[in-house]
Amino acid sequence: MAEQYDVILVGGGIIGSSAAMALAARRLRVAVVDIDLSGRLSSSEKNAGGVRATWWQPVNIALCRASIRYYHSVRDEVGFRQKGYLWLYDDHAWSGACEHLALQRSLGQPIEVLTPAQVHARVPEIDKLDGVAGATFSPEDGLINPNLLKEHYRSRSREAGAIYLDRVYVHAATVDSDEVRLQCWQSYHPLSDEGLSRLMSEDGPGEAQAGELFELRSAAVAITTGAWSDNTLRLFGLRNYSEPVRRQLCLVDNRASNFAAYGMIVDASGLYFHNEGTHILAGYSPPDTPPGHHFNYDGEPFFLDEIWPRMFARMSCCERLRHVTGWAGLYELSPDRSAILGRAAPRIFEAHSFSGRGVMQSYGAGQALAELIADGGYSQFDASALSRERFDRGELVTEELHI
């Protein structure tokens, strides 16, 4: 293990792994450190797998479209299925959707406008259209396997020389004029989920664990720790703007229908779902969910209170839905619901707070971060609108098309 690198990425999830691939391709010496490379508590491992460029902000559309083009080029390796996004709108949201059609199309995003009758014709299972003012269908959006995508990034980056250090926690940092020094602790054994959560959020003493201390040095450091970025930002005296919020997903059984022919369907109520093997994967985000590193899944009561009523209200075939299982993960929500990506301080860079778009934008974001670090600015992937300075300047990149 070399001690001196060109770039160290703190956080080896979907964003850190993508950036490592892009940086290693530029022949930089790259190290990725993470307390748990398996990602048991990472957002990308608990993701619904939707990939779309159907957004309302130009930078989000552009980064997602660049990513989708790449996913299509390696579709068999990452499980990308380009089956589109069908999005249903109520009266209030429909006007906003229509207002952004010209922008989306000008940036190359193909998108169709559907009447409620056309929605039923395209998806006959949707037979109750009360409250639906209209819909859009974006055929180049789709579904992906987030784990396969992350492993693809890691494989490509390792082939180019990047190294990944597992079970490593960075507990102190010093930024000098010519380098950054990271004080690290590496556990000899994997931590439990509870131990990981406590350590990464600094919530209590955690559990006793044997390990060793060591130092890493690099010319630059990138913070790619996702929903756990608050702790990492604090090491460098940087302000944290974002907060983690729990999102729950249900796997449900429905023998009366098969949605395998469709991609992601987003209901006007905020429910979203797609086919998952022999089941349906469905999610809903209650607006009153409090922030925090909470991973408890509410089980069948969540299904009965939030998922089943919305699905049956839209589709008669969902009357006999049965709860199978589910899980909870985290969104890292920024104030304007767009990522924070850019130079945070001298020698310190960041890419986090994707607000549910981490998997969707991971390729484009990794390339943008690599351009900024290696070349000093953006060329093919312009993410300048996402710098943290926008909050002080009042130049928010407010993204409203969230689920």
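**Charged pairs and their setting**

Mentor: Start with Arg29, which is partly exposed at 46% relative accessibility. On this scale buried is under 20% relative accessible area, exposed is over 50%, and partly exposed lies in between, with a 1.4 Å probe and protein chains only. The model is predicted: local features need pLDDT of at least 70, side-chain atom pairs count only at pLDDT 80 or more, and totals for chains, interfaces and linings use all residues. Residues are numbered from 1 along each chain as its sequence is written, and side-chain values use heavy atoms, with hydrogens and water left out.

Arg29 pairs with Asp6 in a salt bridge, 3.1 Å from N to O. Arg29 sits in the loop between helix H1 (14–25) and E2, and Asp6 in strand E1 (residues 4–10), so the pair ties together parts 23 residues apart in sequence. Helices (H or I, at least four residues) and strands (E, at least two) are DSSP runs, numbered from the N terminus. A salt bridge puts a side-chain nitrogen of Lys or Arg within 4 Å of a carboxyl oxygen of Asp or Glu. The structure has 21 of these salt bridges.

Arg156 and Glu77 make another, with their closest N and O atoms 3.8 Å apart. That pair links distant parts of the chain: Arg156 belongs to helix H7 (residues 146–159) and Glu77 to helix H3 (residues 75–78), 79 residues apart. Arg156 is partly exposed at 34% relative accessibility. Glu77 is partly exposed too, at 37%.

A local pair next. Glu306 and Arg310 form a salt bridge of 2.9 Å, N to O. They are four residues apart in helix H10 (residues 300–314), so about one helical turn separates them. Both Glu306 and Arg310 are buried. Elsewhere, Asp176, Glu179, Arg181, Glu215 and Arg217 are joined in a network of salt bridges.

Now for a charged residue without a partner. Asp34 is in strand E2 (residues 30–34). Asp34 is buried but has no salt bridge; the nearest side chain of opposite charge is Arg154, 5.6 Å away. Lys and Arg count as positive here, Asp and Glu as negative, while His and the chain ends are not counted. Leaving out residues up to four places away in sequence, Asp34 touches Gly11, Gly12, Gly13, Leu165, Asp166, Arg167 and Val168. Contact means heavy atoms within 4.5 Å.

Back to H7. H7 has 14 residues and spans 20 Å from its first C-alpha to its last, close to the 20 Å expected at 1.5 Å a residue. The expected span is 1.5 Å times one less than the number of residues. Buried residues of H7 include Arg154, along with Pro146, Leu149, Lys150, His152, Tyr153 and Ser157. The buried residues of H7 pack against H1, helix H2 (58–73), H3, strand E8 (163–166) and helix H11 (358–375). Asn145 caps the N-terminal end of H7, with a side-chain oxygen 3.1 Å from the backbone nitrogen of Asn147. After H7 comes Gly161, whose phi is positive, near 110°.

One more arginine belongs here. Arg337 is not a glycine, yet has a positive phi, near 65°. Arg337 lies in the loop between strand E16 (322–333) and strand E17 (340–345). Its relative accessible area is 31%, so Arg337 counts as partly exposed.

Notes. Polar contact = N/O pair within 3.5 Å; in protein donor to acceptor, adjacent residues only side chain to side chain.
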